[in-house]
Amino acid sequence: MNDFLKGVLRSASNGSQMPSLSAANDLVNRTLARHGLSGNGADANASQGALSQMMAKLQPKSGATALTIPEGATLAEDSFSCAAGTRRFLTYVPASVGKQGDQPQGLIVMLHGCTQTPEDFATGTGMNALAERHRLILVYPQQSRGDNAQSCWNWFSKGDQRRDRGEPAIIAGLTRQVADGHSIPPERTFVAGLSAGAAMAVILGQAYPDVFAAVGAHSGLPVGAAKDVASAFAAMAGQGSDASPTGQAMRVIAFHGTADSTVHPSNSDAIARQALDPAQAQSLQAEEHGQANGRDFRRSITYAPNGNAAIEHWTVEGLGHAWSGGQAAGSYADPKGPNASAEMIRFFLNHPAA
């Protein structure tokens, strides 16, 4: 899920210049070198072929896109357009919403990782079944391959890291549209994601606190960890720029596996630090250790002055670059470990923003 190379030549929706072809080629060669391959000389073609084989391994599992929808539930496809661009999205409304006048408890925007589709991500996270139980509406935006050939959200692009620009503007806009259509207030609207989707979710939480009350970040990166493709690789290796607090506190629950070789676990540490309230001199903290579904975990909790959990940071032993407690039928999902989907929903609904 770490291949951003094919997406670097897209046209930025805000008109900014993307890296040149020569810069992209240089980056390819440097990446090859890190994997013990040569991008120059007589074996250049063989090295490029090896890179293509590496890319092929990142493709999502075939057959993982079929979703079973229970009777009474709906999965509707739509698209949203604004000045920043257009994206397709799916909206899942569980059968439990509307029964006997029951209103939805909230809305969660789910951002897939690289090479994934909304259907695949829904399968791997198992969120639809939990939405049925908790009366939650789910929105699954889809990254356009025209904007990133590997379907990665462009969290590493300067034009996609700020309010009212690029992909944050598109996702926030479609979220408002769906939330308004179902009369869901901002304090019950949340965003979660995996890998590149988690990095974009964190950007959205910081840029749109008036739209999203909390963020769920699985195997993600903090705001400002990278500014281009080259620095994205460094950030994923745990050598990103200093992601200092942005001055905007954020309720966040972050998951990361200790065996993640794609995005270094230190990135989730940075997400938790960045989410701290800069106005608070001290924060009460609690830490607990446990085991769930065959994996040990550590959970650190930072409390707000009102006693509500403001930040939960989960570290799962032995988990790789995959959704903890997920469904094996989806890509990048590991059935072992605590159920990240259930824990995120608990965190979102227990103490919504005032």
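At what angle do H5 and helix H6 pack, and how far apart are their axes? In this predicted model, the axes of H5 and H6 (residues 196–207) lie 10 Å apart and meet at an angle of about 75°. Because angles from 65 to 115 degrees count as roughly perpendicular, H5 and H6 are assigned to that class. On the H5 side, the contact is made by Glu167, Pro168, Ile171 and Ala172. Met200, Ile203 and Leu204 are the residues that H6 contributes.

The chain comprises 354 residues, of which 54% count as buried. Among the contacts with a separation of 6 or more, 67% come from residues 24 or more positions apart.

Confidence in the prediction was examined along the chain. The average pLDDT of the protein chain is 83, and 77% of the residues score at least 70. Over residues 4–25, pLDDT stays under 50; for this stretch the model has 43 contacts beyond four places in sequence. Residues 27–64 also have a pLDDT that stays under 50, with 52 contacts beyond four places in sequence in the model.

The cysteines were considered next. A disulfide is a covalent bond that joins the sulfur atoms of two cysteines. The structure holds one disulfide, formed by Cys114 and Cys152, whose sulfur atoms are 2.1 Å apart. This pair links distant parts of the chain, its two residues being 38 residues apart. Cys114 lies in the loop between strand E3 (106–111) and helix H3 (118–125), while Cys152 lies in the loop between strand E4 (136–142) and helix H5 (166–181). The torsion about the S-S bond of Cys114 and Cys152 is about 130°, and the disulfide is therefore right-handed.

The accessibility of these residues was also computed. Since a residue counts as buried under 20% relative accessible area, Cys114 is buried, at 1% relative accessibility. Cys152 is likewise buried, with a relative accessible area of 0%. For Cys82, the relative accessible area is 31%; this residue is therefore partly exposed.

How values were computed: Residues are numbered from 1 along each chain as its sequence is written. This is a predicted model: local features need pLDDT of at least 70, side-chain atom pairs count only at pLDDT 80 or more; totals for chains, interfaces and linings use all residues. Side-chain values use heavy atoms; hydrogens and water are left out. A disulfide is a pair of cysteine sulfur atoms within 2.5 Å. Helices (H or I, at least four residues) and strands (E, at least two) are DSSP runs, numbered from the N terminus. Buried means under 20% relative accessible area, exposed over 50%, partly exposed in between (1.4 Å probe, protein chains only). Contact means heavy atoms within 4.5 Å. pLDDT is the predictor's confidence in each residue, from 0 to 100. Axes are lines fitted to C-alpha atoms, for helices over the stretch in contact, and angles run from 0 to 180 degrees between N-to-C directions. Angles under 35 degrees count as roughly parallel, over 145 as roughly antiparallel, 65 to 115 as roughly perpendicular and the rest as oblique.
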